[in-house]
Amino acid sequence: MAGRTYWLRKIVTLRDSADLATGFPSGAGRMGPACLLCLLALVLMALPEARADEPLFGFTYTTDLLPKGKSEVEQWSTTRFTKATGDFWLQENRTEFEYGVTDRFQLSLYTDYSSNYAFHNGPFGVTTPGEPFSYDTPDPNAHYRNTAYISTSVEGIYRLRSPYTHFLGVALYSEARAGRDFFETENRLILQKNFRDDRLVLGFNFTYAPELRNLGCKSSSLCLSETDMNLDSGVSYRFRRNWSAGLEFLNEREFGSYTFWKNEINDAYYFGPVVHYAGRRFFVTATFVEQLPWATYHSDTLPGAIVGGRDYDNDFERYRVRIKVGWTFGGAR
Amino acid sequence: MRAKFLLLPLEAMVVFAGPAFATVYLTIEQAQSVLFPNATFQPRTITLTEEQVKSIERASGVHVLNKQIRVWRVSTGGWFIADEVVGKHEFIPFAVGLDDQGAVKGVEILEYREAYGDQIRNPNWRQQFVGRQPGARLRLEKDIRNISGATLSCKHVTDGVTRLLATYEIVLKQSGR
């Protein structure tokens with residue numbers, strides 16, 4: 001497929017650039033991309049003071065926060081690929097700085113930047129950019145490629161109840177996100193229940209996220225584009241020291257109003273495994289989810305968006321892979 | 001499949017991840033000297049039976065992680081127990097000294113391998129365990145004060161001491177002197 005060929009070419013180009021930059025003998029250039037990623041992982045592992053807080057899941061938040069005065073840098077990579085037709089590849093990246101204001105209140109600042117390739121991927125085979133690039137309207141037959149800064153966000157999480165001292169961990173999350181021609185607030189209720197010496201963790205999130213975009217509105221520059229209302233959940237078990245594995249189940253719904261009882265546009269369900277490793281000051285979390293064939297038409301669903309029971313509107317695709325890497329600063333000596 | 005390719009770094013880490021960095025505060029011998037100065041120690045390894053495990057879990061309300069417990073009979077009377085509890089990512093090795101009646105004489109943190117939560121070494125916090133009696137069901141924020149920012153470590157050490165007090169009552173007390 002053209003999209004996959006494009007990304008393979010990208011990887012090969014990056015690999016060759018790395019050879020040039022590091023001066024490795026040309027034999028290193030014959031290493032597969034998988035080997036290069038292994039090497040990267042080993043380098044990360046060798047960092048002496050790189051460390052971790054605890055995102056056990058790729059998509060579902062838990063109530064664990066940084067202690068007061070501690071900070072953390074996270075790098076997210078979310079790859080979203082495969083539509084019903086054509087080629088589609090969306091690479092979303094996030095660089096985030098987190099800080100523990102108190103032991104139960106955490107603030108974060110982050111920026112998102114993405115790359116997209118799309119060709120004949122939308123309903124009826126029309127080239128349709130991914131949602132971060134929805135401000136673009138390419139020719140229906142164009143090979144669409146773009147890389148751009150997307151948005152900057154401020155996020156706060158306040159923990160009401162700790163799962164270690166109460167029956168149920170409860171936290172409230174609120175985020176303000178602004179980018180080119182859009183503004184979004186994302187609000188989450190986060191629940192966490194622990195079992196088996198806190199090694200078995202259940203997480204549940206309800207998300208309410210109205211998104212305003214420049215759609216040629218009459219009264220103001222931005223007006224409601226959609227409201228995301230998601231139900232994310234996960235279960236994770238620490239099966240050996242430093243290692244946890246589990247499953248995530250996501251239900252994403254979009255509405256053309258501020259309410260969940262009218263103008264529903266899309267609903268999609270994702271399911272897949274998650275693996276988490278945490279060292280003293282470093283962590284990595286990886287999730288792979290696939291959309292389940294459970295999507296149905298609603299009052300405002302775009303015609304042609306659902307194929308084979310899966311929703312392929314511009315914010316949905318068949319597969320998602322998310323990798324989070326983090327380093328924590330401050331703490332025990 | 002590209003998905004497999006993306007997960008390869010994790011597989012690499014499974015193979016190559018070495019032991020995590022640990023801060024050793026006290027060796028077993030040093031902890032013994034702190035808790036029982038001028039005493040000698042006779043080691044015993046006790047393997048709990050299924051029935052004993054169930055009894056301990058019932059009495060303490062705490063899951064038994066390891067059926068083997070490392071205990072030392074103290075020449076001046078009492079017991080020294082080296083054990084570990086679950087931390088955030090690693091185990092937290094700790095030691096408990098019990099007097100001849102099974103009451104807590106002291107708690108020592110032997111190693112700490114986590115980035116946060118090492119405030120459990122604070123002597124004032126550990127002092128709360130001294131004098132706790134066999135069979136006591138200690139609960140964080142009720143019997144033992146919590147340390148904000150170290151909640152998980154506080155909870156698990158509290159649970160660990162509770163479990164060892166039940167272990168004394170059910171196993172050590174009967175095992176003779």
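**View 1. The pairing of β5(B) with β6(B) is antiparallel and comprises five bridges.** In this predicted model, local features need pLDDT of at least 70, side-chain atom pairs count only at pLDDT 80 or more, and totals for chains, interfaces and linings use all residues. Residues are numbered from 1 along each chain as its sequence is written, while chains are lettered from A and ligands numbered from 1 in the order in which they are written. Helices (H or I, at least four residues) and strands (E, at least two) are DSSP runs numbered from the N terminus, and two strands pair if DSSP finds at least two bridges between them. Within this pairing, B:V96 has B:V107 of β6(B) as its bridge partner.

**View 2. Five strands of chain B form an open sheet with antiparallel pairing, in the order β2-β3-β4-β5-β6.** Its edge strands, each pairing on one side only, are β2 (41-47) and β6 of chain B. Neighbouring strands are turned by 25° against each other on average, direction ignored; axes here are lines fitted to C-alpha atoms, for helices over the stretch in contact, and angles run from 0 to 180 degrees between N-to-C directions. Of the seven residues of β2(B), the count of buried ones is zero, where buried requires 20 or more other C-beta atoms within 10 Å of the residue's own, exposed 12 or fewer, and partly exposed lies in between, with C-beta atoms placed from the backbone.

**View 3. The helices α2(B) and α5(B) lie against the strands of chain B.** Contacts are counted between residues whose C-beta atoms, placed from the backbone, lie within 7 Å. Helix α5(B) lies across β2, β3, β4, β5 and β6 of chain B and runs at about 140° to β4(B). The buried residues of α2(B) include B:A31, B:Q32 and B:L35. These residues are on the same side of α2(B) because they cover an arc of only 105° around the axis, the arc being that of the directions from the helix axis to the C-beta atoms. Among the elements that cover the buried residues of α2(B) are β2, β3, β4, β5 and β6 of chain B.

**View 4. The largest nonpolar core has 39 residues, and those with the most contacts inside it are B:W79, B:F80, B:I81, B:V96 and B:V161.** Such a core is a set of buried Ala, Val, Leu, Ile, Met, Phe, Trp, Tyr and Cys residues joined through C-beta atoms within 7 Å. At least two residues each come from α2 (28-35), β3 (68-74), β4 (79-86), β5 (91-98), β6 (104-109) and α5 (151-172) of chain B, and α5(B) gives the most, with nine residues. Beyond its neighbours within four places in sequence, B:F80 has contacts that include B:Q32, B:L35, B:F41 and B:W72.

**View 5. Twelve strands of chain A close into a barrel with antiparallel pairing, in the order β1-β2-β3-β4-β5-β6-β7-β8-β9-β10-β11-β14.** The twist averages 20° from one strand to the next. Eight bridges pair β10 (residues 264-278) with β11 (residues 282-292) of chain A in the antiparallel sense, and A:V274 has A:T287 of β11(A) as its bridge partner. Over residues 1-52 of chain A, pLDDT (the predictor's confidence in each residue, from 0 to 100) stays under 50.

Definitions and conventions
Contact = placed C-beta atoms within 7 Å.
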